[in-house]
Amino acid sequence: MSWKESCRSRLREHLDARGDLAPPWERFPDYERHTLGWRMGAGEDWMGMWGVFLDQLAPDPETRIAYLRRHPPAPISWADAVHEVLYPAERGDGDGDGDEDGGDEDDPSAAAERCSALLEQGLIASDVAFATWLGQQTGVSWPWEHSPAPEEAARYSTRELWFWSRQVAELRKDRGWAPPAVPASWRACAQALDTGDAGAIDPRRGLLSLAQLLCAGHVKAPWQLGLSLADFADSFENDMGYVDAFRLWGMSAFDDAEQLRRYVEATRMPPGWQGWVAEQFPVA
């Protein structure tokens, strides 16, 4: 049985009451646009089934825009895929993982025009994945239930931990709210989770510092901590420093240029960091 036949045989069991297969940004909002998760495991399966579903969907724009409107808007980073849903004749001949390089890379003005049109139609939106994720939660899932140590959660579940951080930050505004006791392996994050203040962090322990700041509900930029570009080691190792951990978080957190702009303005980014931020977070 071919991969496409396998996806077709499993499609029916995943359709909703309206006969739709949820688009990938709805099914996995905690997957960023270009994560390897779309090329393995559940993400790869979903992209394969989505390709089959779209092949079976009537090609007229009215049917396809109605399908998209029945589901949450996509992050701006998915604009190319949303455009191809609307206009299947323009779809590339990729392998169905939704991560092909299209012609827009050679024509930025065309990509910008398409993005603007999709924004106007409400089919894509800035920083929308969190709202989609939050709407799927039935309560708070504590990160230590899935990750034995905060460094592991920050390293391997960065985007999910970021969404959880935002959820808890809102809950903390209720004076009657209190978090549960944390296990011993997460004790370094207890104060941040309880009070919303991470206190002094050790920038040499980047992943732990990132986890503490996420537990506090706000990720500080390196320039807010007095760090410099010289502190960036371009490392993805577990012993990375804070600038590298911040890069890891930003790659998971920022889905579009407007979201990134709001963050750098709120944190008063010095001009000297502008080139580094543009290079590390190349969002449209």
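Cys-115, at 16% relative accessibility, counts as buried (under 20% relative accessible area, with exposed over 50% and partly exposed in between, for a 1.4 Å probe and protein chains only). Cys-189 is likewise buried, at 1% relative accessibility. The structure is a predicted model, in which local features need pLDDT of at least 70 and side-chain atom pairs count only at pLDDT 80 or more, while totals for chains, interfaces and linings use all residues. Residues are numbered from 1 along each chain as its sequence is written, and side-chain values use heavy atoms, with hydrogens and water left out.

The structure holds 0 disulfides, a disulfide being a pair of cysteine sulfur atoms within 2.5 Å. For Cys-189, the closest cysteine sulfur is that of Cys-215, at 4.0 Å, which is too far for a bond.

A search of the whole structure gives 30 aromatic pairs. Rings of Phe, Tyr and Trp (its six-membered ring) pair if their centres lie within 6.5 Å; planes under 30 degrees apart count as stacked, over 60 as edge-to-face and the rest as tilted. Phe-246 and Phe-281 form an edge-to-face pair, with 6.1 Å from centre to centre and 70° between the planes. This pair links distant parts of the chain, 35 residues apart: Phe-246 is in helix α12 (residues 242–253), and Phe-281 is in the segment after α14 (274–280). Helices (H or I, at least four residues) are DSSP runs numbered from the N terminus. Both Phe-246 and Phe-281 are buried. They belong to a cluster linked by ring pairs, which also includes Trp-162, Trp-249, Phe-254 and Tyr-263.

Charges also sit over rings (NZ of Lys or CZ of Arg within 6 Å of the ring centre and within 35 degrees of the ring normal). The charged end of Arg-166 is placed over the ring of Phe-130, 4.3 Å from its centre, and Arg-27 lies over the face of Trp-46, at 5.2 Å from the ring centre.

The second largest pocket holds about 240 Å³ of space. A pocket is an open set of points on a 1 Å grid over the protein atoms alone, with protein on both sides within 12 Å along at least five of seven lines; lining residues have an atom within 4 Å of a point. Its lining comprises 15 residues, of which Trp-162, Val-219, Trp-249, Phe-254 and Tyr-263 lie nearest the centre. Elements giving two or more residues to this lining are α9 (158–172) and α13 (257–266), and α13 supplies the largest share, 4 residues.

Note on methods: On a 1 Å grid over the protein atoms alone, a cavity is a set of points where a 1.4 Å probe fits but cannot get out, and a pocket is an open set with protein on both sides within 12 Å along at least five of seven lines; lining residues have an atom within 4 Å of a point. Grid points are joined across faces, edges and corners, and a volume is the space filled by probe spheres set on the points.
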